Amino acid sequence: MSQSQHHHHSSHHPSSHHQSQPPPPPLPTAPPAIQSSSSSGNLGGLASSSALSSSGAAPAPLSSSTGPLSSYFLRDIPGYSKSLYHCAWSCDGEHLSVICGDKNVHISQFDSRRGVLPSLQPIHTISTNTVMAKTAWHPTEGNRLAICGDEKFVEVWDVRASKAAMKLPSLGNNLNVSWSRDGHMVAVGNRNEYFLVFDVRTGTQMRKKKFSHEMNEMAWSYNNDYLLVAAGVDGMGALDVISVFNSGSSGGGSEELTVVDSLVAHSGACQQLAVDATCRRLAMGGTDKFVSLWSLEDLVCDRFVPLDVNTELRSLCFSPDGQFLAIAAGVTGTGGGADEQGVLIVNSDSAEPVVKIDARMKCTTVAWQPQQATANGPTVLAVVCDDKTATSSSATTTSSAGATVFSSSTTTKDGPVFLRLAVIPPSHS
């Protein structure tokens, strides 16, 4: 097994990978040069040929419907009694799934009625035997999601149903799950470096492969032929391109997943990965405290975002139009301070910082609402916060770095439980 710790939730989470043995290397002064094989230029279908999302529509630019990103305010969402680990929006932005330490996956419906502060209304609770690791929503059907964790299956649910629609047999200890862009396949990876691909139309396993190096978060290519994976190879961080339908030299089909290219771009293992809705930009985070930005059209890394040496990168997410990247981070160990915690939003083309959402505590997941749930509505980011040293505010309204905070958080013996919505109001109220 690899020595680097897989990206996941906080270290106390039962599905977390084993801890790194050696201390992390010092922050490099510059990222290493990318080492790409000549085959990368021959991989077709990684990116979209047009600026269309998986739904077939061009996402509206945020600037056309919202005020400046710096005009955000924070709203705390109550109702969770245990630590939170992960959240994800449905493709239509109507539902949010939240993995909680109470062994439940909580499903809420987004509420943005005129004159009402954006909020979430609980509609369904999915009970499991263990604390799950990740959820992934169907790319075009807003009621379907897949859930993975330590158990030896991946559950596929319809949020309107009382039981799982399908249970896909896996090897357990699952960390990451991802739907193909056509909704026909689900890929799952576990802490032992196994990757499995299922056909969800039939419930059958299509591919299975154990890799010899660290494999973390993944996303599908535009044509659904490849998996793009954040990887750790010999102490370096790489973007692995895995062929799902490899024809092989003889032209016959292959039952194995095959790494057709491995592009080294970080001096530490890569753990986080995100692809924008139009499948033109990719972001990847490494333990070297850098976030790399890639063009999927030519598979080239063209920008880096350096992070503070005391910052622990936790989550990446593109805005619906792909113009911005949200980076969730927290402070590691005893170094640093509150200023290094929160969500940094950068321009995905220039890598220039745009705004820092000041959460004042460690952020474990950020999820940008895929589209506005109502016409001319706000732009919303869901942020899972986890900080046992933080204190819960009893005030209804407070101020934090110029941003209004509507606080109704819950405090448990493990510390405060926070699910926060960062809301960017529409440009015309």
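Biologist: Is R314 buried or exposed?

Modeller: R314 is buried, at 2% relative accessibility. Here, buried means under 20% relative accessible area, exposed means over 50%, and partly exposed is anything in between, using a 1.4 Å probe and protein chains only. Before going on, a word on what you're looking at: this is a predicted model, where local features need pLDDT of at least 70 and side-chain atom pairs count only at pLDDT 80 or more, while totals for chains, interfaces and linings use all residues. Residues are numbered from 1 along each chain as its sequence is written, and side-chain values use heavy atoms, with hydrogens and water left out.

Back to R314. Its side chain meets that of E312 in a salt bridge, with 3.7 Å from N to O. A salt bridge here is a side-chain nitrogen of Lys or Arg within 4 Å of a carboxyl oxygen of Asp or Glu. While R314 is buried, E312 is partly exposed, with a relative accessible area of 28%. Salt bridges can also share partners, and that is how R281, D302 and D349 end up in one network.

By that rule, the count comes to 12 salt bridges. Let's take another of them: E217 and K134 meet through their side chains at 3.1 Å, N to O. E217 sits in strand β14 and K134 in strand β6 (residues 134-137), so this pair ties together parts that are 83 residues apart in sequence. Both E217 and K134 are buried. Then there's E297 with R280, whose side chains meet in a salt bridge at 2.6 Å, N to O. That pair links distant parts of the chain, 17 residues apart: E297 is in the loop between β20 (290-295) and β21 (300-306), and R280 in the loop between β18 (270-275) and β19 (281-286). R280 is partly exposed, at a relative accessible area of 26%.

Strands of a sheet pair through backbone hydrogen bonds, either parallel or antiparallel. For the pairings here, DSSP has to find at least two bridges between two strands.

K134's strand belongs to an open, antiparallel sheet of 4 strands, in the order β6-β7-β8-β9. β6 and β9 (166-169) are at its edges with a single partner strand each, so one side of each has no neighbour in the sheet. On average, neighbouring strands there are turned by 20° against each other, direction ignored; axes are lines fitted to C-alpha atoms (for helices, over the stretch in contact), and angles run from 0 to 180 degrees between N-to-C directions. Between β6 and strand β7 (residues 144-148) there are 4 bridges, in the antiparallel sense, and K134 stands opposite C148 in β7.

Next, have a look at S178, found in strand β10 (residues 174-179). S178 is buried, with a relative accessible area of 10%. Leaving out residues up to four places away in sequence, S178 touches A136, M185, V186, A187, M218, A219 and W220; a contact means heavy atoms within 4.5 Å.

Stepping back to the chain as a whole, 56% of its 429 residues count as buried. Among contacts in the chain with a separation of 6 or more, 54% come from residues 24 or more positions apart.

Key: Helix = DSSP H or I, 4+ residues; strand = E, 2+ residues; numbered from the N terminus.
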